[in-house]
Amino acid sequence: MYPPKFDYYRANSVSEALSLLQEHAGAKVIAGGHSLIPALKLRLSDPGTLIDIGRIGELRGITPNGSSTRIGALTTHALVATSTALPQALTEAASWIGDPAVRNRGTVGGNIAHADPASDLPTVLTALGATINVIGPSGERSVGAQDFFLGLFETALQE
């Protein structure tokens, strides 16, 4: 099946992505696209506008921060799977996601944003007591994983 028509924008910074989100009501953010592209093809999603954040470097990487570790939204599953700075449960879960092509392109942020019940990351993040930091047109907020994942394909993310 072919996806519905959409406008496409590539953001080069978080502030540019936020500006585009405010400008285009109902827009969806895309990076790896492993969850959103199939939803578009099946016509389960029809956002009208896609905002590509895949090249925003500040959203990548794993950074230890005292007693916690920050995982950027654009960090790939492959990087999580090979990290020595993360809990074993998380690295093992990431190592079983898809196949090598999916692990090398798919992102943690996209994975958890879709709350796909076939994914292990939401369960592991909840069990670890993770906090998800969200930024959007309304500002920044932190949400515990137990409050972030609301149901099948449903999260505490706002438009």
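**Close-up 1. N111 in helix α6.** At 11% relative accessibility, N111 counts as buried (buried means under 20% relative accessible area, exposed over 50% and partly exposed in between, with a 1.4 Å probe and protein chains only). Its place is in helix α6; helices are DSSP runs of H or I with at least four residues, strands are runs of E with at least two, and both are numbered from the N terminus. Beyond its neighbours within four places in sequence, N111 is in contact with H77, I97, D116, S119, L121 and P122, where contact means heavy atoms within 4.5 Å. A word on what you are looking at: this is a predicted model, in which local features need pLDDT of at least 70 and side-chain atom pairs count only at pLDDT 80 or more, while totals for chains, interfaces and linings use all residues. Residues are numbered from 1 along each chain as its sequence is written, and side-chain values use heavy atoms, with hydrogens and water left out.

Close-up 2. Look for G106 between α5 (100-105) and α6 (108-114). Is this glycine buried or exposed? G106 is buried, with a relative accessible area of 3%. Setting aside neighbours within four places in sequence, its contacts are H34, T75, T76 and H77. As a distance to check in your viewer, the C-alpha atoms of G106 and T123 are separated by 18 Å, and these residues lie 17 apart along the chain.

Close-up 3. I112 has contacts with L121, L125, I132, F148, F149 and T155, leaving aside its neighbours within four places in sequence.

**Close-up 4. An aromatic pair, F148 and F149.** Rings of Phe, Tyr and Trp (its six-membered ring) pair if their centres lie within 6.5 Å; planes under 30 degrees apart count as stacked, over 60 as edge-to-face and the rest as tilted. By this rule there is 1 aromatic pair. The ring centres of F148 and F149 are 5.0 Å apart and the planes stand at 85 degrees, so the pair is edge-to-face. F148 is buried at 1% relative accessible area, and F149 is buried too, at 15%.

Close-up 5. Strands β4 (residues 62-65) and β5 (residues 68-71) run antiparallel and are joined by 4 bridges; two strands pair if DSSP finds at least two bridges between them. T63 stands opposite R70 in β5. Which residue of this hairpin takes a positive phi? It is G66, with phi near 70 degrees, in a hairpin that has 2 residues between the strands.

**Close-up 6. Stepping back to the whole chain.** The protein has 8 helices and 9 strands. Its C-alpha trace spans about 40 × 35 × 30 Å along the principal axes. Of its 159 residues, 40% count as buried. Among contacts with a separation of 6 or more, residues 24 or more positions apart account for 49%.
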